[in-house]
Amino acid sequence: MNRRNLIWIIVSFLLSVATIFYFVNYPGGKMAARLLNFETITKAYQQHILMVFVASAAAIIVSVSLGILITRPFFSKWASIVDNIVNIAQTIPSLAILALFFTYLGRGFSTAIFALWLYALLPILRNTSAGIQNISPGIIESARGMGMSNLHILTRIELPLALPVIMGGIRTSVVITVGAAALASFIGAGGLGDLIVTGLSVSRNTLVVAGGILSALLAIFLDQVLDLIEDSLRIR
Amino acid sequence: MKKSKILVLVISVFLLVGLVAGCSGQEASQSDQEGDTKGTVTVGSKEFTEQLVLGQMTLLALEDAGYEVVDNTGLQGSNVVRGALESGEIDMYWEYTGTGWISYLQNDEPLTDPQECFDAVKAADAENGLVWLDYAPLNNTYTVMMQQEKADALAIKSISDLADYSNQADHEEIVFATDHEFSIRDDGLVGVYEKYGFEFDEVATMDPGITYDALKNGEVQAAMGFATDGRIKSFNLVNLEDDKQFFPVYNAAPVIRQDTLDQSPEIADILAPIAEKLDDATMSNLNYLVDSEHKEPREVAETWLKDNGFIK
């Protein structure tokens, strides 16, 4: 187990708790205190984590599968098409995606999940296909020479070798999602964005800072947790 | 070759400058010649729909009365427009009494009685050489809205009715859509709860622009909005009456420089009957024509003024 990861995880967790306690005790005014209390912060935090978790999980499943699929020889001609579609999704600003899908899916959680999911796809897909494509053909050749089936090559050779790259994509994607989830507040999905956006709209900086710090710490926390997971998945 | 090109360039620049200078000179001399006009009035406005419509109305009405008018509408932001008025760049524009009271006169406590607020800003701004002419009934303040059908079915007409309904044990769940600012301000949701003695079952915080859509689509049962927004009409929503006069008032009134008014006191008489006719529903409808039917503010203003016999 990597000690450096563990330290970061514990530090970011403790800092989050400390941040919450600090701002609940020093909300900087009556108005800010309406949001800076344990009940509201916990609720916002839960909503935020749930959004990130569901959107990321769905994105990992879809993107990794797609990434594997488009690196198979019989699907390789689709690779650029899939890549471009996901690319385009990424070029639309996340706020615009939220606004766009609000029109069709309505307010709240499900719309936010869908938009965040769409936004989380690209880094994972990119890294999955790149990770697999960059494996030296010689290795695949020799695996085939040893009589391994395609499935075995995928599960024993390609995926393990591409794992660090894939996990890199997942980590990027999760960190982006933590940030983008703050925007979900605009369509009524709650989350830490509620603190930030409300703070901005009434010029109460404690709210903005509290929301910002908590969201940044969450990103660091999840990034390090994923790093740990990568370590434990790696075949030694 | 190269020399002749430069020559052509220089000549065309001169011609262009001459053309521009000539045009503006002509304009100036024209207004100098017409000594019989009643003088020039520059009208300003803020940048949003309602302000543009009010600005165009003023321009058209003054033009019709024989004034030279200069259209300086669509300035960005309240402070810019107010600054332009104080410095004399514009002679008049429509301002909201509440904005004047809180933003320009730097008061913290909002006023909730229309006449009281108007009298207060009128008195205070007199020292700044500005005159608030008679205000319109239109009150562009916060509003609590419901779907017209839903409100009718539950016989809810005012916020008090809604409070009574919410306090019944067996009421349907009421989710309230609000923007971030309203959700936290003393004179927002918190104040509504205190004044009317109830709470919504759930509050959904979102961008102010989408509360109307959320309400229209039935995703929430009540929502905050601004009382003269065009979508209230087009989405078939209804403003619940603020029967306890909780929300600060934002009645629109023409504000004019004292020196301009001294020169042309008639302006007050031209605008008074127009202001009198502009209530929330009328303004919401005019905003709707611009926002949803994509008509020009000038066209909307002109049609309305003609229909009501203010201009020929």
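H5(A) and H6(A) make a right-handed crossing. H5 of chain A covers residues 94-105, and H6 of chain A covers residues 109-133. Their axes come within 9 Å and cross at roughly 135 degrees. The axes are lines fitted to C-alpha atoms, for helices over the stretch in contact, and the angles run from 0 to 180 degrees between N-to-C directions. H5(A) and H6(A) are therefore oblique to each other. The classes are: under 35 degrees roughly parallel, over 145 roughly antiparallel, 65 to 115 roughly perpendicular, the rest oblique.

Which residues make that contact? From H5(A) they are A:Ser94, A:Ile97, A:Leu98, A:Phe101, A:Phe102 and A:Leu105. From H6(A) they are A:Ser110, A:Thr111, A:Ala112, A:Phe114, A:Ala115, A:Leu118 and A:Tyr119. Contact means C-beta atoms, placed from the backbone, within 7 Å. By class, the contact of H5(A) with H6(A) has ten nonpolar, three polar and no charged residues. Ala, Val, Leu, Ile, Met, Phe, Trp, Tyr, Cys and Pro count as nonpolar; Asp, Glu, Lys and Arg as charged; the others, Gly among them, as polar.

Some housekeeping. This is a predicted model: local features need pLDDT of at least 70, side-chain atom pairs count only at pLDDT 80 or more, and totals for chains, interfaces and linings use all residues. Residues are numbered from 1 along each chain as its sequence is written, while chains are lettered from A and ligands numbered from 1 in the order in which they are written.

Chain A as a whole, then. It has ten helices and zero strands. Helices are DSSP runs of H or I with at least four residues, strands are runs of E with at least two, and both are numbered from the N terminus. The C-alpha atoms of chain A fill a box of roughly 70 × 45 × 20 Å along the principal axes.

Next, where the chains meet. 16 residues of chain B are in contact with 16 residues of chain A. On the chain B side, H8 (180-184) and S7 (202-205) are the elements that give two or more residues. H8(B) gives the most, with four. That side of chain B divides into seven nonpolar, four polar and five charged residues.

Now the sheet in chain B. Five strands form an open sheet in the order S7-S6-S8-S5-S9, with mixed pairing. Two strands pair if DSSP finds at least two bridges between them. S7 and S9 (237-239) of chain B stand at the edges, each with a single partner strand, so one side of each has no neighbour in the sheet. The twist averages 35 degrees from one strand to the next. S5(B), residues 142-147, pairs with S9(B) in the antiparallel sense over three bridges. B:Gln147 has B:Leu237 in S9(B) as its bridge partner.

Chain B domains. The assignment gives domain 1 (38-139 + 249-307) and domain 2 (142-239); such bounds come from an automatic or database domain assignment. Their C-alpha centres lie 29 Å apart. The contact takes 13 residues from domain 1 of chain B and nine from domain 2 of chain B. On the domain 1 side, H14(B), residues 280-291, gives the most, with eight. That side has five nonpolar, five polar and three charged residues.

Last, a helix pair in chain B. H2 (49-64) and H15 (297-307) of chain B pack at about 55 degrees, with their axes 8 Å apart. That makes H2(B) oblique to H15(B). The crossing of H2(B) and H15(B) is right-handed. Residues in the contact include B:Leu52 and B:Leu60 of H2(B), meeting residues of H15(B) that include B:Val300 and B:Leu305. The contact divides into nine nonpolar, two polar and two charged residues.

Note on methods: A crossing is left-handed if the near helix is turned anticlockwise from the far one by less than a right angle, and right-handed if clockwise. Two residues are in contact if their C-beta atoms, placed from the backbone, lie within 7 Å.
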